Protein chains: 4
Amino acid sequence: MHRERFYTLAASCPDRTGIIARVTGFIAEHRGWITESSFHSDDIAGRYFMRIEVKAASLPFMLSEFRDRFAPIARELQMDWKITDSAVKKRVVILVSKQEHCLYDLLARWQAKELDIEIPCVISNHETFRGFVEWHGIPFHHVPVTAENKPQAFAEIRRLYEESRGDTMVLARYMQILPPELCEAYPGQILNIHHSFLPSFVGAKPYHQAYQRGVKLIGATCHYVTRDLDQGPIIEQDVIRIDHSDSPDDMVRYGKDIEKTVLARGLRYHLEDRVLVHGNKTVVFR
Amino acid sequence: MHRERFYTLAASCPDRTGIIARVTGFIAEHRGWITESSFHSDDIAGRYFMRIEVKAASLPFMLSEFRDRFAPIARELQMDWKITDSAVKKRVVILVSKQEHCLYDLLARWQAKELDIEIPCVISNHETFRGFVEWHGIPFHHVPVTAENKPQAFAEIRRLYEESRGDTMVLARYMQILPPELCEAYPGQILNIHHSFLPSFVGAKPYHQAYQRGVKLIGATCHYVTRDLDQGPIIEQDVIRIDHSDSPDDMVRYGKDIEKTVLARGLRYHLEDRVLVHGNKTVVFR
Amino acid sequence: MHRERFYTLAASCPDRTGIIARVTGFIAEHRGWITESSFHSDDIAGRYFMRIEVKAASLPFMLSEFRDRFAPIARELQMDWKITDSAVKKRVVILVSKQEHCLYDLLARWQAKELDIEIPCVISNHETFRGFVEWHGIPFHHVPVTAENKPQAFAEIRRLYEESRGDTMVLARYMQILPPELCEAYPGQILNIHHSFLPSFVGAKPYHQAYQRGVKLIGATCHYVTRDLDQGPIIEQDVIRIDHSDSPDDMVRYGKDIEKTVLARGLRYHLEDRVLVHGNKTVVFR
Amino acid sequence: MHRERFYTLAASCPDRTGIIARVTGFIAEHRGWITESSFHSDDIAGRYFMRIEVKAASLPFMLSEFRDRFAPIARELQMDWKITDSAVKKRVVILVSKQEHCLYDLLARWQAKELDIEIPCVISNHETFRGFVEWHGIPFHHVPVTAENKPQAFAEIRRLYEESRGDTMVLARYMQILPPELCEAYPGQILNIHHSFLPSFVGAKPYHQAYQRGVKLIGATCHYVTRDLDQGPIIEQDVIRIDHSDSPDDMVRYGKDIEKTVLARGLRYHLEDRVLVHGNKTVVFR
């Protein structure tokens, strides 16, 4: 938690020989101290993925110069890449509806600095959590969503997100479907927690679907939001055991525990640049 | 394992007051000693489920008289019911193809008397395991299944099952789809292990489907076979964590571990009359 | 959640024939509608345990008369027993220190009425959470504990608990050891969450002990507090996977997730009278 | 499973800058194609760990030349290191007693080539599994162990292990304590499966100890054998949920499932050179 400042390079490129040597050679040349590194070769897709943490103080230059100097190597390797600085906190805008569990959980982690982020604001279609959010010193915006006002409401959400300079949007059981153009404006920035073990039970009332089918485990899925409902790249999933004695209401209750845990883990991976998206799948360097 | 002989009553009936009192009152009247009992009220279906074990030696009569005396009560309560005797071993016919994991696992449990059953025979569409099965002193029948001979092959399987006086058929990764008339001839007697967490990934090559979708857990499902492929009542399920580094082949390998465990648990529940089917769902009194 | 009012009978007695029949016969005689019932025979200890929920409206009398009428049966069966009324909320006093996770989690559940309890007050040896607790409308008492003032501090805690008419005390990562006389004054009323999978890593800094030993899973244990530190009857436990890359700080962070979940489950079982203590062990009718 | 031949380098050394660059630079220089690589910096111990798989066919030399050329780099970095060849099968000697579950499980995996090893022989202090083992075409040695003959018995086991040119010895629920000199003769070669979640319940009858303590989960631990009983470096652990209704016999039965799974996983990590021992702990690059 009280870690030294570091830079994180997350990248992918076509697979070939010498990739690690090229990248770590560059870092070693400047005496960069690597504290964590992960590599993955997807031999079906022929693509290479990596994530490297380097101590900022070990390098003789700042991030912008790191970027400039690394760019030619990235170009040569045809990389998709980014480098982030642990000293620059991510700005996470949270959207909620009337369910409390994910919101309490995220604010507890934020309050304890377990999630080392800025929360510029919380947006909700209900007033329910205004007091709770504001007590934490976080601005709260009530943006009602009705059948009639959807375009305006989502335009307002987009305006608030832009105004807050958000870089991550979390749908913490928000219960509204974002319009396609909003999803597409922020690819890889919007995380949702779906209350089923996808691809089972897409859409509404998954616990009731699970009850009807008589499954013995229920789950939750944290995924990036795309224009295809509940079809985006999966970041994290988990399940919990139920049995015949559990009603749909019991399942909703159990489900909350797994939802908040899965969302928190998925969000953490995202914030630490551990998630690399490729097509509709993710590489997650935990 | 070396337990005293006992009778097991498994029953369901419309819910009303006084059911437990009526049933346990009858047992108490005859000084029956109840060692285990489970009850479940499904208030959505309005149905009551129960399972009771009574020490055989505590009763003044044998099973047939128990049945005769209990019948009027069962009639009065409109019960679906059966009583079984722990001294009468279930007769389990195992069907396999060319994968070893479930077969080895079941025979290990049988050999150690953890599964206290008779295995009158193993049937396979391949010769692969003849030697292994016969070494255990169990008859092995090779019944090839081709596109042309299906009706005859399944007629032969049915004949062997009847001839063996089987009461349970286990598809231990059998890899052939049973014809509807065979499924319907033995409702609640045929158990299958499906290599996915149903209802996800119905049908062929579920691990490849899972790989394509990028899920973070894979699973297995033990269910009763009905004429609807992979749609029968679920008895038991479990999952195992995978990640981006796992190829479909790795998933097949991980999957084997969860398949054999889930099948063994589901089969055990079935053999101990812990599974009560209602519609397309099960009550499992573990 | 919005369930009908019901009474819960939780009892244990020496095992013999006819116990269920006697108890459920009494209920049936008064047309009591049993919605849930669990029985367990511990044949090593020769003791019988039960828990029965009866719809209040189905009985022709109130709880006090139920008690009076049931008493002779309980006497005859030599029962330890109690009957509780779902309409009477349990009064839970929470003790915390400076860690937020269990407190946020419990208040989220209380706020959503998932935990249907009264929280007459929160007591802490630090001021940290005063604002958070008071914002929820719950009184907050700061009772500092130092090497010098322990007897007075714990006397004050006891006074506050009595004054609040608490019936359950939850040590939600309270980080202070209660004196033996306080533990013994409230047997079966005080729940603790210990941050290890007991009996491993008793005492201080269990995550550091776990790190030293190189275990591959860490856990948490919810137990009743007795005068023997970390030795009381275990109610619930769970674990989470770690690996070589996790520092003690990472383990503390992972541990929080499992601690709050295990405490919430254990507390729920306790509040619903699902936990029956026998010697240093528990029967938990989930 | 039908993977191309590859070499695996497993190494650790004092941490410093440039380690990855040095090692992968050497491989890149010879056009070596890295298919899998894992790195870990233990900043408390100041030590660096790595494991790298390189396609054999991508290199212009054989393994012995690889070793010669790499030696100076290893010396410079003060490495503990080894390189193994996937084409050379490990030789695993299995020791069993009278319990079947781990033996059946290992032979099933060997038979299916999931474990790509040689099993030069199985050694047992009982005749129980002679037929089963020999049916698989594997030599079986009966070495009785009594209070009187221990030194001779273990000398004989050592002789058989040497004669078989074993490089891994697996105690698959062998139930005998190896003498210290045998443990020390083969450090990091002898794997044991202990039937508890260590460090809980060291020594004999762990399930009975677990029953007495009333734990809610039981576990198993795969570890390297050292002269300190049940204290060696832990490779893998897992747990399974139990409850009050489970007798010690039930726990033994459940335990078998977790024992064989944990042993198989631990053995696999060992065989693939994924386990690096440091002091009494392991780094496991799964």
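Contact here means heavy atoms within 4.5 Å of each other. With that in hand, chain D brings 18 residues to its meeting with chain A, and chain A brings 18 residues too. This is a predicted model, in which local features need pLDDT of at least 70 and side-chain atom pairs count only at pLDDT 80 or more, while totals for chains, interfaces and linings use all residues. Residues are numbered from 1 along each chain as its sequence is written, chains are lettered from A in the order in which they are written, and side-chain values use heavy atoms, with hydrogens and water left out.

**Chain D against chain A**

Buried area is the accessible area (1.4 Å probe) that two parts lose on being put together, summed over both. For chain D and chain A that comes to about 1,400 Å², with 61% on carbon and sulfur atoms. D:Thr17, D:Ile20 and D:Trp33 provide 34% of the area chain D buries against chain A, more than any other three residues.

Which elements of chain D give two or more residues to this side? They are helix H1 (19-29) and strand S2 (34-42); helices (H or I, at least four residues) and strands (E, at least two) are DSSP runs, numbered from the N terminus. The side of chain D that touches chain A has 7 nonpolar, 8 polar and 3 charged residues. In that count, Ala, Val, Leu, Ile, Met, Phe, Trp, Tyr, Cys and Pro are nonpolar, Asp, Glu, Lys and Arg are charged, and the others, Gly among them, are polar.

Superposition is by least squares on the C-alpha atoms of residues with pLDDT of at least 70 in both copies.

**Chain A against chain B**

Here 37 residues of chain A are in contact with 37 residues of chain B. The table puts the two interfaces side by side. A salt bridge is a side-chain nitrogen of Lys or Arg within 4 Å of a carboxyl oxygen of Asp or Glu. A polar contact is a pair of N or O atoms within 3.5 Å; within protein, one must be able to donate a hydrogen and the other to accept it, and residues adjacent in sequence count only if both atoms are side-chain atoms.

| Interface | Buried area | Salt bridges | Residue pairs in polar contact |
|---|---|---|---|
| Chain D and chain A | about 1,400 Å² | 0 salt bridges | 4 residue pairs |
| Chain A and chain B | about 3,100 Å² | 4 salt bridges | 19 residue pairs |

Of the area between chain A and chain B, 52% is on carbon and sulfur atoms. A:Arg241 and B:Glu236 meet in a salt bridge through their side chains (3.1 Å, N to O).

Several elements of chain A each supply at least two residues to this side, including strand S2 (34-42), helix H7 (206-213) and helix H8 (248-271). S11(A) gives the most, with 7 residues. By class, the side of chain A that touches chain B has 15 nonpolar, 11 polar and 11 charged residues.

Chain A also goes onto chain B by a turn of 180 degrees and a shift of 0.0 Å along the axis, with an RMSD of 0.0 Å. In chain A the C-alpha nearest the axis belongs to A:Ser200, 2.6 Å from it. Again the same surface serves both copies, with 100% of the contact residues of chain A recurring in chain B.

**Inside the chains**

Over all chains, a search of the whole structure turns up 124 salt bridges. B:Glu134 and B:Arg130 form a salt bridge (2.9 Å, N to O), and both lie in helix H4 (residues 130-135) of chain B, 4 residues apart, about one turn of the helix.

Now for the loops. The peptide bond from A:Leu198 to A:Pro199 is cis, with omega near 10 degrees, and A:Pro199 sits in the loop between strand S9 (190-194) and H7 of chain A. A:Gln78 has a positive phi of about 55 degrees although it is not a glycine; A:Gln78 is in the loop between H2 and S4 of chain A. Most residues other than glycine have a negative phi, and most peptide bonds are trans.
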